[in-house]
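Please have your viewer open as you read.

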Amino acid sequence: MKNNRNNIEINNSTNNNNNNSNSINNNNNNNNNNNNNNNNNNSNNNKTNIQINSDKDNKINNNIYNMANSNSNRGSTAVANHTTEQTKKEQDTLNFFYKPHTILALIIAGIVTIYFAFTKEQSQVNSVKTGILASCAAFLLFSMLQMRDGLFIRPHPAFWRVVMGVGVLYLCALVFMLFQSADDARIIMKHIDSKLGEPLPERSYADNCDLYTPNNPESNFVNLKHTVNDEFIWAHFLGWWGKTLLLRDYRLCWVLSISFEILELTFAHLLPNFHECWWDHIILDILVCNALGILMGLLTIRYLHMKEYNWAGVEQPKSVEKKKSWYNPITLLKQFTPQTLDTYNWEILSSWKRYLGVILLVVLISIVELNAFFLKTLLWVPPPNPLNVYRLLLWCLIGTPGLREYYQFATDGKTKKLGTMAWICIANVFIEVLICVKYGGAMFWQIPTPPEVKYPWIIGTSIFTIGSVFYFAVYKKFIKTQPKVKSC
């Protein structure tokens with residue numbers, strides 16, 4: 001019995017030990033679970049921290065991206081980026097002009113259309129002209145009210161929307177002229193201006209290149225006098241003043257100035273107007289008219305960069321802000337000054353894209369200038385005719401925003417789409433070239449190219465192409481691979 005009791009006690013103690021060990025195991029399991037929970041909590045905390053950090057990174061990246069977007073004035077967002085506090089104040093001052101008035105404009109346009117449609121005398125020629133003008137006016141009204149804004153906001157975004165509409169109308173007119181024959185196109189030009197439609201007399205500026213004429217009773221410098229009194233002298237000066245304001249780079253302006261004189265020598269066998277004396281090419285054109293125009297353009301750019309406009313003449317404290325009325329003439333005149341003037345850094349040798357972009361820009365601008373001479377010759381438009389001036393003004397208006405958009409596309413790697421005005425400008429250049437080729441191809445192809453023009457162009461183009469490829473494909477890569485030497 002005692003033995004049995006002892007066995008039972010031993011068994012009970014063993015069971016107790018087992019229970020204790022189980023409890024210890026349970027405690028260990030609980031501890032492990034707690035540790036796992038702590039680890040999970042730590043991992044969750046880490047995930048939360050990572051999420052917070054990622055959110056901060058995303059916010060920082062978004063801020064950086066927004067800052068980059070604000071610096072790169074692209075598309076319609078550039079208008080919003082340009083809307084600074086000064087612009088908001090101006091919009092508050094000119095509140096009426098910055099509100100949409102589509103219904104009011106539609107009512108006024110309807111009244112004007114009804115008046116001219118039912119009161120004007122009907123005739124075949126006048127009705128066609130009036131109908132075309134009314135159609136153009138309707139399209140320009142639609143452009144002003146409904147087309148999207150561009151990069152420019154002065155004097156008003158609606159003004160540049162109208163300019164965009166004018167560019168589209170000019171493109172449509174060029175396409176229409178492209179599908180006409182040269183004779184029919186000249187008849188159409190005669191309907192526009194009754195003085196047109198007559199062949200132009202041959203005119204050359206190189207008949208007598210004597211700079212000093214002591215035997216002439218009129219003047220000792222009669223040839224120079226006649227050349228200075230020509231209308232193209234002012235066209236050179238004013239044209240280069242405007243082109244400098246557009247390009248904003250004196251080196252690019254000088255390249256275009258010299259290259260156009262080379263083009264005049266190249267096409268002198270096709271157009272008599274390009275025959276000029278040596279002193280006309282070098283002294284009057286390059287060193288006087290073009291140089292003065294470029295200088296005035298650079299001084300204008302410097303003035304617009306440095307000048308702070310204080311039209312009132314009295315400096316007021318910032319805390320006191322006096323709201324100006326919209327009919328104040330000073331406030332209205334201020335709208336015709338640029339709010340900001342961006343500096344163009346073309347950096348032509350920085351990359352292949354910029355290099356080709358600037359070369360294409362030089363080609364396009366040179367073609368626009370050449371088209372002025374070829375079109376007036378083929379359509380029989382004399383130089384003093386105002387249509388030549390209207391075309392130059394049109395190109396100045398559409399070229400201003402077009403060049404800004406082209407610069408953005410050529411220099412900004414994030415910009416993948418060519419701007420609307422830049423596209424319109426390139427399309428107009430292309431159609432003008434096609435018109436010149438169609439109307440004058442049969443006449444120009446019969447004139448052989450002189451060897452003194454052909455071979456220098458072949459040699460020069462070959463050297464230029466080989467040098468460009470060598471610079472970007474060999475020299476620039478060799479410079480990058482060279483270790484930088486630290487100066488002591």
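## The disulfide

Counting as a disulfide any pair of cysteine sulfur atoms within 2.5 Å, this predicted model has one disulfide. The bond joins cysteine 209 and cysteine 277, whose sulfur atoms are 2.2 Å apart. The torsion about their S-S bond is about -90°, so the disulfide is left-handed. Cysteine 209 sits in the loop between α7 and α8 (222–228), and cysteine 277 in the loop between α10 and α11, so the pair ties together parts that are 68 residues apart in sequence. The element numbers run from the N terminus over DSSP runs, with helices (H or I) of at least four residues and strands (E) of at least two.

For accessibility, buried means under 20% relative accessible area, exposed means over 50%, and partly exposed falls in between, using a 1.4 Å probe and protein chains only. Cysteine 209 is partly exposed at 29% relative accessibility, whereas cysteine 277 is buried at 2%.

## Other cysteines

Cysteine 136 counts as partly exposed, with 26% relative accessibility. Cysteine 436, at 9%, counts as buried.

## How the model was read

Residues are numbered from 1 along each chain as its sequence is written, and side-chain values use heavy atoms, with hydrogens and water left out. As the model is predicted, local features need pLDDT of at least 70 and side-chain atom pairs count only at pLDDT 80 or more, while totals for chains, interfaces and linings use all residues.

## Cavities

A cavity here is a set of points on a 1 Å grid over the protein atoms alone where a 1.4 Å probe fits but cannot get out, and lining residues have an atom within 4 Å of a point. Grid points are joined across faces, edges and corners, and a volume is the space filled by probe spheres set on the points. The structure holds two cavities of 30 Å³ or more. The largest cavity has about 130 Å³ of space. It is lined by 13 residues, and those closest to its centre are Tyr205, Asp230, Phe232, His236 and Glu276. Two or more lining residues come from each of α9 (231–247) and α11 (278–306), and α9 gives the most, with three. By class, this lining has five nonpolar, three polar and five charged residues.

The second largest cavity has a volume of about 70 Å³. Its lining includes Arg148, Asp149, Trp160, Pro401 and Met421. Here α6 and α14 are the elements that give two or more residues, with α6 giving the most, at three. The lining divides into six nonpolar, one polar and four charged residues.

## Nonpolar cores

A nonpolar core is a set of buried Ala, Val, Leu, Ile, Met, Phe, Trp, Tyr and Cys residues joined through side-chain atoms within 4.5 Å. The largest one has 43 residues, and Met177, Phe374, Leu379, Trp395, Ile398, Ile435 and Tyr439 touch the most other members. Elements giving two or more residues to this core include α6 (157–178), α13 (352–378) and α14 (386–411). The most come from α15, with ten residues.

Which residues does isoleucine 398 contact, leaving aside its neighbours within four places in sequence? They are Val163, Gly167, Met421, Cys425 and Asn428, where contact means heavy atoms within 4.5 Å.

Note on methods. 1 Å grid on protein atoms, 1.4 Å probe; cavity = no way out; pocket = protein on both sides within 12 Å on 5 of 7 lines; lining within 4 Å. Nonpolar A, V, L, I, M, F, W, Y, C, P; charged D, E, K, R; others polar.
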